[in-house]
Each structure stands twice: as structure tokens, then as C-alpha cells.
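User: I would like to learn how to read features of a protein model. Please take one topic at a time, with the general idea before the case.

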Amino acid sequence: MTVDGRATLDAVVIGGGIAGLSAALRAAELGMRTVLLEKGGTPQYPCNTRYSGGVFHVAASSPKAPPEQLLAAIAAKTKNTADPSLAAALAGNAAATMDWLRNHGGKFVKGARQENFAWMAAPPRMWVRRSNWWDTWSGRGPDLLLRALALRLKLFGGELLLGARAQTLIIEGERCAGVEAIVAGAAVRFHAHAVVLADGGFQSDPALMRAHVTSDFAAVKQRNTLTGSGDGLRMALAAGAATTGLGDFYGHVLSRDAFTNDHVWPYPLLDDLATAGIVVDRTGRRFVDEGNGGIYVANRIAAHMDPLSAMVICDTRAWNGPGRQRRISANPQLLRASATLYMADTVEALAGLAGLSSDAVTRTIDAYNRAVRSDASIGLEPRRSTRQHPPVPVDTPPYYAIPACAGVTYTMGGMRIDAHARVVRPDGGPIAGLYAAGSNTGGLEGGGRAFHIGGLARAAVFGKLAAEHIASVVAARRLRDAA
Ligand SMILES: Cc1cc2nc3c(=O)[nH]c(=O)nc-3n(C[C@H](O)[C@H](O)[C@H](O)COP(=O)(O)OP(=O)(O)OC[C@H]3O[C@@H](n4cnc5c(N)ncnc54)[C@H](O)[C@@H]3O)c2cc1C
């Protein structure tokens, strides 16, 4: 049954993460009649924002840094692959967005000396080593931020409708005129001047992930809240939207035990051990350029025909060096969590313990060490790049082997948008009335090499920009109607 919901709204926003709440609150603040549809059914519904680390940064720089500095940081992090108009919009609006979040009850603290930790939602997530980090989100910064924004939305007359799953856009002629959602088992149509899709990506949808990211969905660990099911992307595609960069995701290399042991995800990451050592598959051969960093390695593991064959191999120098440098590090968290880890004094013995061919692993490590020592690592197959993570020989016993997997946090590609967060068609023209923000959009991150610039600040900036554009269009229409 289709029940006609209510009078035409100015804005209907889909998804109550940081992108959607920023869009809905800003729209309501600007006088727009606004409804936010969130499929989660409880006030503290799960979403990636609520469970995140809460670090607001732009390409590892403080979001309050001058726009020129942010533009340079985005260009450097993405090797100039980011859409210039989106990069300019992000760099130019990040500082004002942080002030705006603070004015609406967001609390932030400096989480560490590094610049990327300058704006951390307060109180920061606790870095719990002995129990499960994942379950400690309640009452921490990201949770409180979402609760503050939801409260302000209500104060400005906006409505947050829980248990409402948007499923089809209402298209009238060439424009988007609302959305149909399932609310309490019934289809309800929300007519609106504009719709903002902020549903958080498609990382948890088997069909979309198989089509774009991995042939073996079940072999990729969901390092997220399982709420990104690609609804926004499907709706936008049906409306004629262009997409960009669907193949890349933000994620990390994890212990393969993450599928069965909640103490080894979302942390510790194996990224530092992978880049300080090598990553091999069942054949004992390298299959990825470890020098491109852990996010890239995770993407290549997911794209491997046998993702669960990945094994990180390193030596004691890596294990006691890079392996210890994070707040929740592989060393000693893997030991504390009784995760699978092989250790031996020789490469041959290590390969035997790990169930790999000792001939193959020995050949791989010998060739790797020879190339690294003679500065010829670029000539390896696959090449080993040297700038971001300089290679070091794997030659100091004891040696370690850790069965690994790819953990997906959110998809980096999605709908193509312009600098006002309008969803565009393949010819670049905007689809009237349709906007998108957050992890369901592409154009900034990814770049074919999984370049990462941070998800929270980006989502808040484009959510707010979407609302501001909607308000300007609605105001112009009201003026026209009044004339
Ligand atoms: C463990 C972890 C740590 C992280 N740490 C950081 C960090 O420190 N810094 C950083 O920048 N990023 C971090 N991220 C990434 C960050 O969380 C995301 O980039 C960001 O939260 C994306 O916000 P969003 O609003 O687009 O999506 P989300 O926060 O996921 O919100 C999407 C919402 O849409 C809802 N929804 C989906 N489909 C529908 C539908 N059909 N109808 C209605 N509602 C729907 C979902 O239920 C969800 O509530 C982390 C992520 C994780 C998982």
C-alpha cells in the first residue's frame, strides 16, 4: 500500500550519519521544512559515524588549516586524482563546517600531537586494549556529536523519523520530487523539493561489492556497522546518475581471525607489518606493492582471486618496530587476543608452520632482500615502491607470519556530485532536486589506488553544502511564486 505522507517538504534527507544530520540540521536551520529518514529503529541507531574514531581531518591536516594548505594536502594524498572542484569545496568549507558543528553542540579536543588528531570528537574513543574496542562507542565523542545534532534538528523544527528505509526516488519529468520509504511495514511517499542521499556507501551489499570490489564478498571482513547497503547508489542510478571510482574502498589489513575473534578488529591493523615486510599468497609469492600503504594492500587483497590466502610475513625488526607504534598495535594485541601467529628462527621453518612452500617463500624473501639491498626494489614483480614506505630487508630472526584479510570500512566511490553536492548525470549536468553527501559519493578519494583523505570532515562539509544549495533554490522559487 502507498500512503501519501504529508504536504510537500523542502528537503528529505536519507541517512542519519554525520552527512545526513549535517544536511538536515543545516536545512532546518535555514528554514526548510525537513525530514530525515533513518532506517535504524532506535535513537542510538548504528552507523559508521557513531562507531568511528571521531578524528575530523582533511588529508591528515587539521580541518581548520588554511584552504591553500588543505588543497595541497588533498593533492599530495591523492596524487592529484581528486576532482578539483570537490577538493576546492572541501578545502574552502572545512573550517567553517567545524565551527558550525561546534556551534551546534559538537565538542572537540586535540587527541594527539599530530596535526590530523587536532579535531577529535570529545570525549575521544577509549583505546581499550584488553577488551573489544568496537563495543565502547556509547557516550564517546562521535555518539555525543550525533545526539547533539539530532537534538538541534528537533529544536529547529526538523523531524528525525526512525525505522524509515528509503527505497525509491519519486521522479517527475526530469527532476527528483521526493522519495518512497518503508515505514512500519508500509510504503510512505515523502514529496519534497529536494532529496539528499546520505546512506553511507555500499560496503555491506554483496551484489554491489561483487560487481565492483571483490569476487568473494564473504572473504572480506566488514569493518563497519553493516548499514551501508547501497540503497542510495541504486536509487541514484535509476534516476540516471553518473558514478565514479566504485572499485576502491577505505579499509585496512586485519588478522584473518577477525572473522571469529572480536578482539582483533577494527584494531589492530596489520598495515604497518605489511609495509615493513611482505605480503604473499598461497603460492608463497608477493602479489601487491606493499609500499603503497595498508589501505592499498587491503584493496589488493580483496581483489585477489583467493582473498583468504593473504599472509603478512615480517621479521623481528618490524614486529618490535612498526608493529608496536600504534595505540592498539599488532604487537602485543595479537598475542593478548590469542590470534593466529607463526614465529620461527628460519624462513624455512616459518613457511612450514604457516603451511606454505618453504622453497617458494625462501625464493621470494631472497629476491626481495637482494632487490632492497641493491636499491632495485622497483624492478621486483610486483614492483615495490620506495617513497611512502621505504622497504627494508626481511632478514632479522625470529620471523613472523600472520594470516591476513582485507577489512572494508566504507566504499570510496559512488555517485558523482558537483561542488554543491548535486548528483550529476554522465554529461555533468545536475539532476534537479537530487543531492548526495558522505560515503556514498565519489570523486575525492580512491583515484584507482585507494587514496584516502578522511571520511567524517568530508561528509559533514558536503552535507552542509547540499542544504545550503537547497535553501537557495527554495528561496528563489518562493520569490518567483510571490512575484
Ligand atoms: C571503526 C571505524 C573508524 C573510523 N574512524 C574514522 C575517523 O577517525 N575519521 C574519519 O574521518 N573517518 C573515520 N571512519 C569513517 C567514517 O565513519 C565515515 O567516513 C563517515 O561516518 C561517513 O558518514 P556518512 O554519514 O556518510 O555514513 P554513516 O555514518 O554510515 O551514516 C549512514 C546512515 O544511513 C542510514 N541508511 C542507509 N540506508 C538507508 C536507507 N535506505 N534509508 C534510510 N537510512 C539509511 C544508515 O543506517 C546510517 O545511519 C571510521 C569508520 C569506522 C567504521
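User: Where does S61 lie?

Analyst: Helices (H or I, at least four residues) and strands (E, at least two) are DSSP runs, numbered from the N terminus. S61 lies in the loop that joins α2 and α3. This is a predicted model, where local features need pLDDT of at least 70, side-chain atom pairs count only at pLDDT 80 or more, and totals for chains, interfaces and linings use all residues. Residues are numbered from 1 along each chain as its sequence is written, and side-chain values use heavy atoms, with hydrogens and water left out.

User: Is S61 buried or exposed?

Analyst: Buried means under 20% relative accessible area, exposed over 50%, and partly exposed in between (1.4 Å probe, protein chains only). S61 has a relative accessible area of 7%, so S61 is buried.

User: Which residues does S61 touch, not counting residues up to four places away in sequence?

Analyst: Contact means heavy atoms within 4.5 Å. With those sequence neighbours set aside, S61 touches Q69, L70, A73 and E115. For a pair apart in both senses, take S61 and Y435: 374 residues separate them in sequence, and 27 Å separate them in space, C-alpha to C-alpha.

User: How far apart are the C-alpha atoms of T244 and G443?

Analyst: They are separated by 6.2 Å, although the two residues are 199 residues apart along the chain. T244 belongs to strand β11 (residues 243-244). Leaving aside neighbours within four places in sequence, T244 is in contact with G413, G414, M415, R416, G442 and G443.

User: Why does T244 count as buried?

Analyst: T244 counts as buried because its relative accessibility is 17%.

User: What does the side chain of H452 reach?

Analyst: A polar contact is a pair of N or O atoms within 3.5 Å; within protein, one must be able to donate a hydrogen and the other to accept it, and residues adjacent in sequence count only if both atoms are side-chain atoms. Here the side chain of H452 reaches the backbone nitrogen of G454 at 3.4 Å. H452 sits in the loop between β19 (430-436) and α14, and at 17% relative accessibility it counts as buried. Not counting residues up to four places away in sequence, H452 touches H57, K77, Y250, I295, Y410, M412 and E445.

User: Which residues come nearest to the ligand?

Analyst: A residue is near a molecule or strand if one of its heavy atoms lies within 4 Å of it. There are 38 residues around the ligand, and E38, T49, V55, D231 and L456 come nearest. At least two residues of this shell come from each of α1 (18-29), β3 (34-38), α2 (48-51), β7 (164-172) and β16 (399-411).

User: How many residues of each class does the shell have?

Analyst: Ala, Val, Leu, Ile, Met, Phe, Trp, Tyr, Cys and Pro count as nonpolar, Asp, Glu, Lys and Arg as charged, and the others, Gly among them, as polar. The shell around the ligand has 16 nonpolar, 16 polar and six charged residues.

User: Which backbone atoms lie by the nitrogen and oxygen atoms of the ligand?

Analyst: A backbone N or O atom of K39 is 3.1 Å from a nitrogen atom of the ligand. A polar backbone atom of G53 is 2.9 Å from a nitrogen atom of the ligand. For S439, a backbone N or O atom lies 3.0 Å from an oxygen atom of the ligand. Taken alone the ligand exposes 1000 Å², and the protein buries 97% of that; accessible areas come from the Shrake-Rupley method with a 1.4 Å probe, and for residues only the protein chains shown count as cover.

User: Which residues touch the most other members of the largest nonpolar core?

Analyst: In soluble globular proteins, nonpolar side chains tend to be buried together. A nonpolar core is a set of buried Ala, Val, Leu, Ile, Met, Phe, Trp, Tyr and Cys residues joined through side-chain atoms within 4.5 Å. The largest has 135 residues, of which L37, F56, V179, F190, L197, L434 and F462 touch the most other members. Helix α14 (residues 456-482) gives the most to this core, with twelve residues. Apart from it lies another core, of 19 residues, among them V280, V347, A354 and V372.
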